[in-house]
Amino acid sequence: MDVNVATVQNILLVQNQRKKKKRHGNRKDQRFRRKCRAKGMKSRKIEKLLLRRKLIHHKKKNPVDNTMKNTMKFNNKPGHENVSSTEINLMRNLTKRKRDISAQDIKSNTRISKSTSSISVAQPKLKKLKRRTNLNIPMTTTIANNTAYKYYRRPMYLKRSPMILIQMLTNIINYNFKKKEERIFLYHRLDLLDKYYYLQVHQQLWQSYSDIGIQQHRWPDQLYTMAKTNDFQICQKYLDNHIIIIKKEIETCHIQLNNQAQSYPVTTLSLDQLDHYLKAFVDCQRKYLSMRNNKQLQKFIDNFHEKQLFETISTYHLTIVDQNQYINRLMNIREKQATIYEELLMLEMRVLCKFLPKNFDQLEQFIAPMIYSALNNDQKMIEVRNKRYKTIQEAKRIWLNVFLKSYEVQLQEYDQQYENEFLQLESHLLNNTNINGSCVYEQIQQYMNYQTNKLKQRVSMKIRSLRGILIKNRRRSSSAKNTVGVWPEPYLDLLTNVFNRYEWKYLSFGPSCIRINQSAIRPRHQQEIALQKDHKSIYEKDGIPVRPIENTINAPTTNISNYLDEIIRPIFDKECQNTTIIDGTSLIQALHQYMRKGLFKSTTLFCTFDIRNLYTMLPQEEALNVLVEFLHVHGYTKVKGIPLETIRLLASIVLKENVFVYGKKIYQQVLGGAMGSSFTLTLANIFMWKWQKELVRRQDMTCEYYGRYIDDVFMTWNKSENALKQILDNANTWHSNIKLEYKIGKSLPFLDVLLTNINGTLSTSVYHKPAAEPYVVPFISDHPRHVFENIVQTSLRRAIKYSSTFQLFNDERRYIKSTFLYNGYPSSFIDKTFRKFFSGYISSRSFLPFLDNERQFSQIRIALSGQPSRQQSQVEMRIATLTNDNEHLIEDSDKKREFSIPENKKPNEFQNKLIIHYTHEKRFNTRKRDLHCTFQEKFANTPIIETKLIIGNRNRINTMKELIRKRPRQAMLKNKDETSMINEKKSRL
């Protein structure tokens, strides 16, 4: 018997000594938490949902008697204070696994000794939780105060946790509120000041209504609804009573503030200072109130003007024409346009929400399904699958473009009818001698503009309200997740997608996207750690090909390269400007000069050829010799006082001292130059200057055009195609490292321009590569607002300059709008930017912000063609930096003369200027305005106010920079002794 007891005790000891697996609660709860975290929910919200889920589950399990509620009520009754809290905890955790306390451990009154079986089954004690400091603010006074204010609405920021608010105020005031009574006072003070601010703004709005209404003898529609009558006097009495009630509430709030000030518990901080900070905080949080009230007041004024205009128009009695009939016809046209406009906005909203109509999914059924599978040829399988995907995607984009075009054509047809009606009305009114026809015409036009804006706003509000429904339907739809979309996505050169949904979404935002409000999440060092964890799964996917790119931003040769580029590139720009193509605009201008000479014919051919791998195939020694020869030919013995031998030596350092680490090896470039180096571009241009001499000579002899953009060359040709091919084949043998790939035809793309010879007429348009995705900076990116406007305007400006006809421009404009819709730009933002860009050229009566006819297009094209592009301006500025004197031509013998040159001191361009830069984030969108206001307030009536304040911004790193590993490990960059290298080799063997 004793032996058995001993063996049992030994077994128990061994079991207790084993490592117990850690338990983390109910598995269902853990799975629920993981799903909620994947959706981006916060821990506090997850716990609330989990508690509600448990309560629902418990009610379903025990529908008759709710034991937990009864126990809680029973425990709260007087006379039941001795009920143990552990019993309540036991009832609360009915749906949880038994992990806290065993049933034998709970009953503390029983003194029965534990058996060995009960010891083995018993669970460990509850873990000691970290005590959290909660601020229990009595809400009875707050609720009572809220009921005393009839027109007060509690804001969202006051519904946060009081501890979070106090922590925010502690950081703003720079004072630590340690005592509990101080925190309670601070919270109630903030609540009263918020009421005071809200009521004051509310009073200002209704007082403005009263002032304008008495003056104009008209009230807003909102007041007629509240007073339930249309009588002017009754509404005025109602409004006066309303304002009196608000004033009483303001007085009540002011009394409460004075009463609370008597119990101010803080001694080191004055109450005036505290109120100043709290009022500034409330003003920041409630700034939207004043903006909303201003909009409501402006809406009331517009409605008043509209009704006044209609009454004025109705008073005219015209003999020839009835103005009311014309207005009805015009309104009928506008209502038809509003119906079409609603369908157009609905389609655009579907594109934004990534939930296209079902008829678009039929394209996937028309195109053959993926049934081909190549044996032992994965690359062929990938190509076929990607080609099918691309075909479906392009077909959907074309179909979507057809839909958008049809809606625009219908709206433009109604616009034409609307314009004709106005022209008829204008002719009738101007011929009427009884009245001032031009004045009546302007009033009718103004009234119709009000009505048109009303219709547009009504349609926009309706479509905006449907956005949430579309997003919900897309999430519920199983087919929407598996269909091919029209939105830009990365090209995946793999059999299966190894990225999960969140990684793929992150990559789909593109290389230019910046994550929103990065500093609001966590400090910088924590962000870097999180980035490494998040992108580790993206970096280390098996089978994904990577491209090593040498980064020379902080390389030892960067400063030398930048300096050589700064002093030599202006020389190249000046001496070779006749054969250099700067951009697409300069090419079109050069071809127009070629046409004015009468050389452009119906048989003229275009030829383009590309140099294969120019940067990396440059022979280093030969390129250095060509550099010196180029400077000698153009008369330079020195550049900026530096001899040519020194320039050659510096250039050799830039070319030859390029080293990078890949894997566990260090590589040095022995052919060509680094693509990221600025001087490599200038050296490649100078090398091509020597190579192209023979081609330029032949083209000049036949008066043909020759132009080059780095490694791309464009030529015109009026002889036979075979003769041109023979010349190009011969040029392919001039240098062993320079190989050409040429195309000849009457319609060829060059850079981003498509050039076509149509029977002796030059047609130009914007060219998009077939493999290029319609990608721009996504609207969700954390860029400044003006960046998105500049992107839209730049695209429109290029379309106008490149498009030779109005029809080609309209096609490109639709492509531009579709591209911005694919990248998340709202329709309202696109239309607003379009209208701003075309203002001055389009009619104010046009329903859509587009050009209507060829005449408007010609006007804006002529105006923009006279403006140089950004690249052309940069080249002109570089040429202007060259010295006008012939310092480089002065020989050493001529320098014996001694003369003094007066120093021309350049004016300091930064004098009386204060330049401040900050890192942009969307939550700091008012930073510039706030800094200017602070500067004006603090330095008013001081000499500093004459200083010009310039505030700029820096952007945070984008996706491309986040996903690039820029530096190797530190151990790779250290020099190793020969002994350590020998020991390393031995250890590997």
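# Close-up views of a predicted model

**Figure 1. Who are the partners of L347?** Leaving aside the neighbours within four places in sequence, L347 touches P357, L400, F403, L404 and Y407. This is a predicted model, so please read every view in this set as a view of a prediction. L347 itself belongs to helix 15, which spans residues 323–352. Is L347 buried or exposed? With a relative accessible area of 7%, L347 is buried, because the cut-off for that word is under 20%. Look next at L404, one of the contacts of L347. L347 and L404 are 57 residues apart along the chain, and their C-alpha atoms are separated by 8.3 Å.

**Figure 2. Helix 29 packs with helix 30.** Start by finding the two helices: helix 29 covers residues 785–802, and helix 30 covers residues 806–822. Their axes lie 9 Å apart, and the packing angle is about 160 degrees. How are the two helices oriented to each other? Helix 29 and helix 30 are roughly antiparallel, because angles over 145 degrees get that name. Their crossing is right-handed. On the helix 29 side, the contact is made by I791, V792, S795, L796, R798, A799 and I800. On the helix 30 side, F809, E812, I816 and F820 take part. Sorted by class, this contact has eight nonpolar, one polar and two charged residues.

**Figure 3. Helix 22 meets helix 33.** Here the view moves to helix 22, made of residues 558–575, and helix 33, made of residues 870–880. The two axes come within 8 Å and cross at roughly 110 degrees. Helix 22 is therefore roughly perpendicular to helix 33, a term used for angles of 65 to 115 degrees. Which residues meet here? Helix 22 brings R569, P570, D573 and K574, while helix 33 brings V875, R878 and I879. The residues of this contact divide into three nonpolar, no polar and four charged.

**Figure 4. Helix 22 also packs with helix 24.** Helix 24 runs through residues 620–633, and its axis is 12 Å from the axis of helix 22. The angle between these two helices is about 60 degrees. That angle makes helix 22 oblique to helix 24. The crossing of helix 22 with helix 24 is left-handed. I568, I571, F572 and E575 of helix 22 meet L627, F630 and L631 of helix 24. What classes of residue do we find in this contact? There are six nonpolar, no polar and one charged.

**Figure 5. A look at two cysteines, C439 and C933.** C439 counts as partly exposed, because its relative accessibility is 33%. C933 is also classed as partly exposed, with a relative accessibility of 38%. How many disulfides does the structure hold? The number is zero.

**Figure 6. Stepping back to the whole chain.** To finish, here is the setting for the close-ups. The protein chain has 989 residues, and 37% of them are buried; L347 from the opening view is a buried residue too. How many helices and strands are there in the protein chain? Count 36 helices and 13 strands. Among contacts with a separation of 6 or more, 75% link residues 24 or more positions apart.

Conventions. Residues are numbered from 1 along each chain as its sequence is written. This is a predicted model: local features need pLDDT of at least 70, side-chain atom pairs count only at pLDDT 80 or more; totals for chains, interfaces and linings use all residues. Side-chain values use heavy atoms; hydrogens and water are left out. Axes are lines fitted to C-alpha atoms, for helices over the stretch in contact, and angles run from 0 to 180 degrees between N-to-C directions. Helices (H or I, at least four residues) and strands (E, at least two) are DSSP runs, numbered from the N terminus. Angles under 35 degrees count as roughly parallel, over 145 as roughly antiparallel, 65 to 115 as roughly perpendicular and the rest as oblique. A crossing is left-handed if the near helix is turned anticlockwise from the far one by less than a right angle, and right-handed if clockwise. Contact means heavy atoms within 4.5 Å. Ala, Val, Leu, Ile, Met, Phe, Trp, Tyr, Cys and Pro count as nonpolar, Asp, Glu, Lys and Arg as charged, and the others, Gly among them, as polar. A disulfide is a pair of cysteine sulfur atoms within 2.5 Å. Buried means under 20% relative accessible area, exposed over 50%, partly exposed in between (1.4 Å probe, protein chains only).
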